[in-house]
Amino acid sequence: MTNSEADGRGIKSGATVIIVMHSPREKCWGVLNEISAAGVFLRGIDLNAFDDWVRAIMHDEPFMGLSDLFFPMWRVERVSRDESAGGVSSLAEQFEQRTGRSVQEFFRG
């Protein structure tokens with residue numbers, strides 16, 4: 001166990017995260033499955049589609065499903081927790097406020 005895992009600072013499997021990639025520039029949101037030397041495994045969607053996806057769920061309309069994604073580490077620029085900041089709700093909180101369901105409940109199916 002690393003020091004960051006022992007004191008709770010590490011990003012752990014099951015956390016909602018935002019991943020920023022380069023070459024090409026891309027941002028994705030979702031639930032982290034695993035981070036390894038090879039890359040990042042995520043269950044999520046492209047950040048540009050988030051609002052449309054939530055809107056479709058709110059109105060019980062068909063929507064594109066979440067995908068199991070893998071990003072090789074050479075493409076990963078940043079992985080950050082999806083957290084509230086400066087009075088702005090996290091994306092997970094926005095999802096819950098707008099749909100009435102938690103992200104974890106929704107991802108379980």
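Arg75 counts as buried, at 11% relative accessibility. Buried means under 20% relative accessible area, exposed over 50%, and partly exposed in between (1.4 Å probe, protein chains only). The model is predicted: local features need pLDDT of at least 70, side-chain atom pairs count only at pLDDT 80 or more, and totals for chains, interfaces and linings use all residues. Residues are numbered from 1 along each chain as its sequence is written, and side-chain values use heavy atoms, with hydrogens and water left out.

Arg75 has a partner. Its side chain meets that of Glu26 in a salt bridge (3.0 Å, N to O). A salt bridge here is a side-chain nitrogen of Lys or Arg within 4 Å of a carboxyl oxygen of Asp or Glu. The pair links distant parts of the chain, 49 residues apart: Glu26 sits in strand E2, Arg75 in the loop between strand E4 (67-72) and E5. Glu26 is partly exposed, at 24% relative accessibility.

Side chains of opposite charge can pair when their charged atoms come close. The whole structure holds 6 salt bridges. Another one joins Arg25 and Glu77, with the closest N and O atoms 2.9 Å apart. Arg25 lies in the loop between strand E1 (16-21) and strand E2 (26-35), and Glu77 in strand E5, so this pair ties together parts that are 52 residues apart in sequence. Arg25 is exposed, with a relative accessible area of 53%. Glu77 is partly exposed, at 42%.

Now turn to the helices. Asp51 and Arg98 form a salt bridge through their side chains (3.1 Å, N to O). Asp51 belongs to helix H2 (residues 50-58) and Arg98 to helix H3, 47 residues apart. Asp51 is partly exposed at 38%, and Arg98 is partly exposed at 31%.

Ser90 is buried, with a relative accessible area of 5%. Leaving aside residues up to four places away in sequence, Ser90 touches Asp82, Glu83 and Ser84; contact means heavy atoms within 4.5 Å.

Step back to the whole chain. It has 4 helices and 5 strands, which are DSSP runs numbered from the N terminus (helices H or I, at least four residues; strands E, at least two). Along the sequence the pattern reads α-β-β-β-α-β-β-α-α. Of the 109 residues, 33% count as buried. The C-alpha atoms fill a box of roughly 45 × 30 × 30 Å along the principal axes.
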